[in-house]
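Welcome! Here is a short tour for anyone meeting this structure for the first time. Have a look at it below, and then we can walk through it together.

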Amino acid sequence: MQNIFSEALLATTINLSTPIIIAVFAGLISERSGVINLALEGMMLAGACAAALGSYFTGNPYIGLMASIAIGMLMALAHAYATITWRGDQIISGLALIVASVGGTGFILQLIFKHGGNTPDVTTLPRIIIPFLQNIPVLGVLINKQTILVYFAYLLPVLMYLFLYKTPLGMRIRACGEDPRTADTLGINVYLTRYVAVLISGALAGLSGAYLSIVQLSKFQENMSAGRGWIAIAALILGKWRPWSVFLAALFFGFTDAIQLTMQVVFPDSKLPREIFLSLPYILTILVLAGFVGKAIGPAAGGKPYEKEQL
Amino acid sequence: MTPILEMRQITKKFGNVLANDSISISIKKGLIHAIIGENGAGKTTLMNILYGLYNPDSGTISINGEPIIIKNPSDAIKKGIGMIHQHFKLIPIFTVTQNIALGTEIRKGLIFVNEKAEEIRVKELSERYGLEVDPGAFVSTLPVSVQQRVEILKALYREAEILILDEPTSLLTPQEIKEFFEILKVLQNQGKTIIFISHKLEEVLEISDEITVLRGGKVIGTLPRKDATEQLLANMMVGREVLFRPYKPSVVVGKPILQVQNLWGKDRFGKVIFKNISFEVREGEIFGIIGVAGNGQTELALALAGIFPESSGKIFLDKKDITNLKNRSLRNLGIGYIPEDRQKEGLVLGYSIEENSFLGQHYNKPFSRNGLLDSDNIGTHAEKLVEEYDIRPPDTKLITKNLSGGNQQKVILAREISRDTRLIIASQPTRGLDIGATEFVHSELVKARDERRGVLLFSLSIEEVLLICTRIAVIYRGEIVGILDAYRTNEIEIGLLMLRGKENNVA
Amino acid sequence: MHKDMAKSSFSLRDWLETTPIIVPVIAVILAFAFGALFILATGHNPIQAYVLFIRGAFGNTFNLMETITKSIPLTIAGLAFLFAYRCGVFNIGTEGQLLIGAIAAALVGFLIKLPPVIHQIVLILTGAVFGALYAGIAGWLKAYRGVNEILSTLMLNYPAIYLTHFLVVKVFKAPGVVPATPLINKSAELPVIIPDTRLHAGIFIVIGLIFLVDFILRKTVLGYEIRAVGFNPTAAAYSGISIRKNVIIAIMISGALAGIAGSVEVMGLHHRFFDQFSPGYGFDGISVSLVALLNPFATFFSALFFGAMRTGSTEMQIFLEIPRQLMTLYQGIILFFIAGQLIFITFIRKIIRKRKE
C-alpha cells in the first residue's frame, strides 16, 4: 500500500469528486422539498453539452457555465410541471428526462458537428491561483490552481447547510418535504416552494455537467456523464439526505473512482481487478440501504404529489 | 356583551352526508366553551370551517360583531383564531422554536433566520402562560403532553385570541390532563377564549363555562355549566324518539361459537391498546361492540380477525384454540371478515366484481385446482352472488372501482356471508352508506344470525346496535365496561358507558 | 422516502391498467409532432423524413426483418419489467439481469457440448436462472430489509456491467479485436428463419413468452395473488395473501425474463457475448412496457415500434443526415407524457364536458 495518499491520488480525487458533489446537492435540495429528482444523470449530460457548446460558440467558458445552468433549470421546470402541477409520477418523469437528454444531446452533437462522438476542443475554465496558498505543503498545491467550480463544490456543503437550516426559505423547503399539509396550514405555498427547490436542483445539476466538459475534459462526448448522476443518487442515500454526510459520501465515491484510475501507482502489485473498485460505490449503497450500515430514512413526504384538497 | 365569535346557520354537506345542518353558535369572550357530541355529530367539521380548512356551503361567521370571510387557515390566523388539532401538526425533525416560528420566521438581515430572537419570544410566551418547553428540543423527542404545549404556543405566537382545541385530552394520561386544565385556566386568566371539542362528559363538566351539544349535525342546545348534569348532557347527545325495530329478536340463542378470554393487545411501541377483553358470541346472536372511535375497538377487531395477532389471552372457536392464528387459517376455519375500510382493506378495487368475489378463498376448490384458476366455477359463483345480493350494475366483469359504496360493500358481504362461515366479524359495515344500503347490510346480518351463525359487529352507532344486536358490549379505553341486553337497555345507558366508562350510579 | 417512492408508482399502476390505448397513441403523435420541429432545425422536411422513417422500418423485407429482430430482446425485456410492475415492483435492473443471463448462456454455450434442441433449452434456462437469482437479491432486500427496489435494482446494474466486462475482457476473452467470449457451439444457436436476414428463431420464443406471461398473470393463482399485491397490498394481506412471497417470486420471474432476453440475443444474433452488446435493451424494456400500458400482447407491438425507431432512424440518418439520436429524444418525450398522466385525463375530461354542452 505504498503512496496511498500520494499527490496524484488526492488530486485525482478532488477532480473526480467535484461533479458528484455538485450533483448530490442538486439531488438533495429537490428531495428535501419532497420531489424525487432521478433525472440528475440527464441534467448532468445536458449541462455538459450546453457548457461545451456555449464555450465553443463564444470562446468564453463562463457563457458555457451559464448555458449549463439554463438547460438544467429548463429540464427541472419540465419535471416540476409534470410532477407538481400535474401530479405525475416523479420517477417516470425523471427517467423520461434522462432518455430525452441522451437523445437530445446526441442529436445536437451530430447536427452541429456532423460527426458523432464529441465536439472539438473548447475553451476550458481558467484555473485560479490564490497566492498565499502556494506556501502550504501538500494541501496548498491541491487547493490552489483549481477552477471556480471546484471551490464552489467544496463550499457547497457549507452553503447548503446554511441555506437549508438557517434561512426561512430553506426551512420551508424542508417542511414541505416532511409534512406538506402542516406547511400548508401555516400559510406556506407548497407548490411554489417545491418549484423553487426543483429549479435550484436543476441549476446545480446542469452545473455539475459543465464540470465534465469544460474542466475535466475540454470537450463534450456523447454519454459522458457515464452513470455519475446515478452515483450522485447513491451518495445522496448513503449520506442520508444530510448536507455534510452526502458531501462525504460524494467525496468517498470520487475517492474510489480515483483509486481505480491510479491503481498502477498505488497498488502496483495488486491482482485486484479495477472492476471491483468501480462496483464499490453501488455495493456500498446497497449495504447502507439494507441497514447493514445504519438506517436510511429520507424526507417523509418524498415522492408523494401534494394535493391541496379538502380532507 | 357582544360575543367574540358568532357562527350563524353554518351548513356543510359532504356528498349526501349533511355534516353541519344550519348550526348557529355564539361564543362569549374569555370563556371556556365546550362543544360536545358523539362521533359524527359535526363538531370537528364545524371547527374546521372556523379555521378555514373547509368552506361552508352557507352561513356566516362574525368576530366581535364584524362579519368575516375565512377562506383558508391563513385568514383564520390573521383574525386571531388558532387551532390545535387532535393529530398534531408538528414537524418531528424541527425544534420547538422552529415549529412555532415556521411561516412567520424572524429574519436577521436579509437572508438568515434569527433563531435567537425567536427563542426569546418563545420563552416569553412560555413563561407568561406557564407552558414549560425547551425551545431547542427536537419535537420528535418530546412526549405528547409537551408536544401539545408546543401546539398551543404556536397559536399564541401568532397572537391567537380564540383557541380551538380538538379532543385535546385524547392522548393524555390523567395526570397530564390535570396539568392541561391548569394551563387552560391560565390562558383564560390572560383573556383568551377557548373552544373545547370533546365527547368526554366528566372533563367537560370540570373545565367548561358553557356547553353546546351537537347531534346529527344540528345544535341541540347551549347551556351554562351550572345548569348541566351528566344525565342531561347524555340525554341531549344521544337521546332519540322511540326506536322502531323492524327485526324480530332471534329465535333461540345456542352454544358459544367464539370465546374470548382475557385478551390483551399492545401496539408496536409496547403501549397497551386493549386489556381484559372477555366475551362470548353464541349461535344465533349478533354481538355488538360499541365505543367512541379510538378506544381500542379497531385493534381488537384486527386481532380477532387474525391480522394483528399480537395479543395475549385465549380465543376459542367452537372450543378449538385459535389464539394467534393468522387470518388465512382463521378463514379456513370458518371465520368471515368484513373489514372497516372497504376500499383499502376489503376489496382490490382494480379487480372486477368476479375477481373480488373469491378473494381470500382463491387458493381453494372450487375456485382453483393445482394452482390454476377455474374460470367456470368462478364465473357461476360470481353470477350467483350478483343476483342474490342485487349488486348493481349486475356485470360481473365490471371493475369494482366504478361501483358505488353500497354496491362495493355488497360485494364484500356477498363474499363473506355466502360462504359457509360459522362466525362473521363485521367492522363498521355500514360506514358511509346510504339508508338503503345500510338496511340491506342489516338484513343480511340478521339473516346470518337466523341461520344460527354468529355475528360479531363492531359499530360506532348506538342506533345501529340497538337495531340489530342481541347483546351489546361497550368498550372504553380498551376495556369492556359493560355487556348489555339489547332489548332491555336504552341509548342513554349505552351513551353513558361510552362517554365515561361507568354506569350512571353516581349522582 | 422508500415507502413513498413505492406509493407514487402505485397510483400510476392503477391508471395504466385501466387507461384506454388512446393515451400512448396520443403521446406518440405528440412526440412526432413536437419532434418535427427538431427535424426542421436540421433543414429538412419532416414529412419527407417520416416517409424515410417508415421505409427504413418496414420498407422492404430486410428492413422489416431487422425491425422485428431488434424487437425480440425489447419485447422480452418489456415483459420482464411488466411482470414485476404488475406486482407493484419497479425493477429497473433489467439491464444488469439481462447481461448476467447473457454471459451465463454464452459461457455454457461454448464450454459444454450438448445435442441441438437440448442445448438451446439448457441455455435459455441458464439465462433464466441466473437472471432470476440476480434479481432475487433485490427481491430479498425488499421483502426482508425493506429496501426500495428502485434503488437496489438500479445499483445492481453496475456490478453486473463491470463483472461481465471483466469476464469477457480478462477471463474468457477469445482471440480477436473485439472483446468477446468464444463462439457458442453450433448446437446452441438459434437458427435464422428467413434467409438473407438476421431474423432468428428467437421470435418464436418471444411469442411463447408473451402467451406464457399472459397465462400466468390471468389464469393462475400465482398471477392472481401477484396482481392483487400490485393493486392493493393491504387488501391482499387482509385476505391471507403473503406479500413477501409474491414480491420475491415476481421479481425473480422478472429477472428470469430479462436473463432470457440476454441469452436469446446471444443465441440468435451474436452467438457469443461481446462486450457492450446491449445498447440498453434492458433500460428500453421499461419504456416499451410503459408505452404498452403493461399489457403482454401490446408489449410486442410497443417493442416493434421501438425497434422501428431504431431502424427507421438509421435510414433517416443515412439519407438525410438526420441524427439517429433524435429517436431517443422521441422516446423521452413519449415517456414524459406518460408520466404526466393527469394531463390526458384532464384534457379528455374537458373534451367530454364540452361535448355535453
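## Chain B as a whole

Let's begin with contacts along chain B. Among its contacts with a separation of 6 or more, 68% are between residues 24 or more positions apart. Please keep in mind that this is a predicted model.

Chain B contains 17 helices and 24 strands. Its radius of gyration is 26 Å, close to the 23 Å that the globule rule gives for 507 residues, so chain B is as compact as a globular protein of that length. Of the 507 residues in chain B, 46% are buried.

## Domains of chain B

How is chain B divided? Domain 1 covers 5–238, domain 2 is made of 257–334 + 423–438 + 451–507, and domain 3 covers 341–419.

Between the C-alpha centres of domain 2 and domain 3 of chain B there are 26 Å. Where these two domains of chain B meet, eight residues of domain 2 are in contact with six residues of domain 3. On the domain 2 side, the touching residues are four nonpolar, two polar and two charged.

## The largest nonpolar core

The largest nonpolar core has 373 residues. Those touching the most other members include Val24(A), Ala235(A), Ile164(B), Ile425(B) and Leu257(C). Helix 11 (residues 243–270) of chain C gives this core its largest share, 14 residues.

Which residues does Ala235(A) touch? Leaving aside residues up to four places away in sequence, Ala235(A) touches Ile20(A), Val24(A), Val246(A), Ala249(A), Ala250(A) and Phe253(A).

How values were computed: Residues numbered from 1 in each chain as written. Chains lettered and ligands numbered in written order. Predicted model: local features only at pLDDT ≥ 70, side-chain atom pairs only at ≥ 80, totals over all residues. Core = buried A, V, L, I, M, F, W, Y, C linked by C-beta atoms within 7 Å. Buried ≥ 20, exposed ≤ 12 C-beta atoms within 10 Å, placed from the backbone. Helix = DSSP H or I, 4+ residues; strand = E, 2+ residues; numbered from the N terminus. Contact = placed C-beta atoms within 7 Å. Domains from an automatic or database assignment. Nonpolar A, V, L, I, M, F, W, Y, C, P; charged D, E, K, R; others polar. Rg over C-alpha atoms; globule rule 2.2 N^0.38 Å.
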